[in-house]
Amino acid sequence: MTAVFENEVVTRALVRFLALPGLSGEFALITLDNGHDHTRPSTFGPGGLASLDAALDEIAARSPAPVAIGVTGKPFVFAVGADLSGVPAITDAAMAREIAETGHRVFRRLEDSPVPTFAFVNGVALGGGLELALHCRYRTIASTAMVAFPEVFLGLVPGWGGTQLLPNLIGIDPAVTVVVENALAQNRMTPAPKAAELGIADAVLEPADFLERSLEWAVGVLGGDVTVTRPDVDRSAWDDAIARAKAIVAGRTRNASPGAVRAVELLDLARNGVVGDAFTAGTAAEDDALTELLMSDPLRASLYSFDLVNKRAKRPAGAPDRSLARKVTKVGVVGAGLMASQLAMLFVRQLEVPVVLTDIDQARVDKGVAYVHGELDQLAQRGRLHPDALNRLKGLVTGSLSKDAFADADLVIEAVFEEMSVKQQVFAEVEAVVSPECVLATNTSALSVTEMASKLEHPERVVGLHFFNPVAVLPLLEVVRAEQTDDATLATAFAIGKKLRKSCVLVADAPAFVVNRLLTRFLGEVTASVEQGTPVAVADRALDPLGLPMTPFELLTLVGPPVALHVAERMHEAFPDRFSVGEGLKKMVELGRSSVYSEPGVVDPDLVGIDAGDSPLTEEQVRERAVEALAQEIRLMLDEGVVQAAQDIDLCMLLGAGWPFWLGGITAHLDRTGVSERVTGSRFLPRGVASLPA
């Protein structure tokens, strides 16, 4: 193989020849190990594939020949697929094709082996790691292991046999779930028991002595004492399953992800089976797909996104020294509504410290505490919380009508009505009872944290912690530094965010911060086009080519018109030349409507006429206005110092708004479509970052 990934952490394929009781010949065991612990999982770059190839050569040259071959991984990890860190080194289509074809050739040696092959999946097996296991004839899996094909999530396809082997092993409909549906559901993984139920694995064994039991099981298979049966694949189900896959891709990506579309095509091709020429044709099609996708801008943007989420998010730009953080042993939550209750649940679950909620009457307090207890009960019912832990966590959550309950709290966060005077009063009341070191946080979505703290004796201990709804799901936490926020407070905020398992981004105290500011600007352009006369349906599908997780009016329904109106009004006050308050939005709030539609595709009769203007736009014109507005707003935000760099804008949109990886957040898309330079005069990212090499 001629391709080389500079600085590849090579996964070595280490061979041992074992004499096992009950076996008449040697058992060749390959262990995949890159020399690091589980925090650096084993991957396959050119060096890793070459090592596996050499290991199979060594086994083939053994005399007498081993009676079987097994493959396993290092502790906690089987293998997690291709070495994506090396993709920037792939500079032409010939190199991309070589990587694709080499993976197929090496893995197929296990498929075509003259002796039985076994995969002992001792830990996580993702992408190419799972494909390697599928090339083996038999598979055991540790009960704690997880498997998945994350490729479609990243804008790729399982390209080393996965799209052909999996549907012909477990059936097309479950394969659609694993390859497409799970990947597009934030890369959901399949636990070992479910993998065995689907037929991905033949036996589930406990991790403590997994390898020993796997070898015993393999000897049983080889000796005929263990029989592995697999049901016939129902080929009559193919059309319906492919139709379902297409619907999932259309619904979740608007068919804007080339990888998702290609994955469905490859799964459809798998109906021809995996015997002889059919498998060769299927893998050749995977080679074509990988070659094209690896040499595409969306894939490079996707890997840029992947790098942001896995590296930049773990080392937030601009965060103060972690040693300055104060210890948090008790948390107070002002408010007991839905958002406040979600926050209380998050704090008690992740910090395992006392959490007390307050509100204006006992009924509200009781409801908030009951919500948290109910959520904990559900975790226990799903087996995610031991009964002892359930009782302990429930005991940590209490309610009070008096803010005196915060006297010994180290952090108090407010989640009350979005009105400045109300929040200032709350902070004044809290400051009167807490220690001078207690951090005061606000979950405001648009108000000035600086103004909120301006009347306090210690404004330096106030910080914004802007969580996103639903709190348990969305991973972003915007950490807002007000004008007087000190480093100790900020460090404490980042430390808390990390313990809450959130990805933190430092933002300045600017109107609506990052995500809400951009979504409000973008949504405002769409609703303004409706008021000009653009039909609702036209405006709503105008952004489909971007592949966003929701259409504009689906987003409006999720956010809620009252919240959207509140943020729009705040933004109009701050920037009246760029942010307007739509009459249609006002009318929705007045009428108490949560959606512009009374039923799918039908505008609510009471809202008919909101598009009665006489200057309608086309879908392309609406889209152009929206993306140009985003480019303008991002440039202004960077000039204002709202974030440290454009990468933080992208990180916020990926994690707070769910914008797709293959878009690169947003700035990569604006760059590669020329919008950045047309609107602002320059790119946001250098050429070759989130795009093909310059």
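This is a predicted model: local features need pLDDT of at least 70, side-chain atom pairs count only at pLDDT 80 or more; totals for chains, interfaces and linings use all residues.
Helices (H or I, at least four residues) and strands (E, at least two) are DSSP runs numbered from the N terminus, and two strands pair if DSSP finds at least two bridges between them.

Residues are numbered from 1 along each chain as its sequence is written, and side-chain values use heavy atoms, with hydrogens and water left out.

Strand S7 (residues 138-142) is mostly covered, with five of its five residues buried; buried means under 20% relative accessible area, exposed over 50%, and partly exposed in between (1.4 Å probe, protein chains only). In a regular strand the side chains alternate between the two faces of the sheet. For S7, one side carries Tyr138, Thr140 and Ala142 and the other Arg139 and Ile141, all of them buried. Strand S5 (residues 117-121) runs parallel to S7 and is joined to it by four bridges, with Val121 partnered by Ile141. S7 also pairs with strand S10 (residues 203-205), again in the parallel sense, over three bridges; here Ala142 has Leu205 as its bridge partner.

Strand S15 (residues 439-442) is likewise covered on both faces, with Val439 and Ala441 buried on one side and Leu440 and Thr442 buried on the other. Four bridges tie S15 to the parallel strand S14 (residues 411-414), and Leu411 stands opposite Val439. As for strand S17 (residues 476-481), five of its six residues are buried, so it is largely enclosed by the rest of the structure. Val480 of S17 stands opposite Gly464 and opposite Val507 in S18.

Turning to helix packing, two packed helices are described by the angle between their axes and the distance between the axes. For helix H2 (residues 93-111) and helix H10 (residues 277-294), the axes come within 8 Å and cross at roughly 145°. Residues in this contact include Ala93, Arg97 and His104 from H2 and Phe279, Asp287 and Leu294 from H10. By type, the contact residues divide into six nonpolar, four polar and seven charged (Ala, Val, Leu, Ile, Met, Phe, Trp, Tyr, Cys and Pro count as nonpolar, Asp, Glu, Lys and Arg as charged, and the others, Gly among them, as polar).

Helix H23 (residues 619-640) has 22 residues and spans 32 Å from first C-alpha to last, close to the 32 Å expected at 1.5 Å a residue; the expected span is 1.5 Å times one less than the number of residues. Its buried residues include Val622, Leu630, Glu633 and Arg635, and the elements covering them include helix H18 (515-531) and helix H24 (646-656). Just after H23, Gly641 takes a positive phi of about 75°.

Most residues other than glycine have a negative phi, and most peptide bonds are trans. Asn187 has a positive phi of about 60° without being a glycine; Asn187 lies in the loop between helix H5 (172-184) and S9 and, at 23% relative accessibility, counts as partly exposed. Phe513, also not a glycine, has a positive phi of about 60°, but Phe513 is buried, with a relative accessible area of 0%, in the loop between S18 and H18. A cis peptide bond links Ser63 to Pro64, with omega about -5°, and another joins Asn469 and Pro470 at about 0°.

Key
Contact means heavy atoms within 4.5 Å. Axes are lines fitted to C-alpha atoms, for helices over the stretch in contact, and angles run from 0 to 180 degrees between N-to-C directions.
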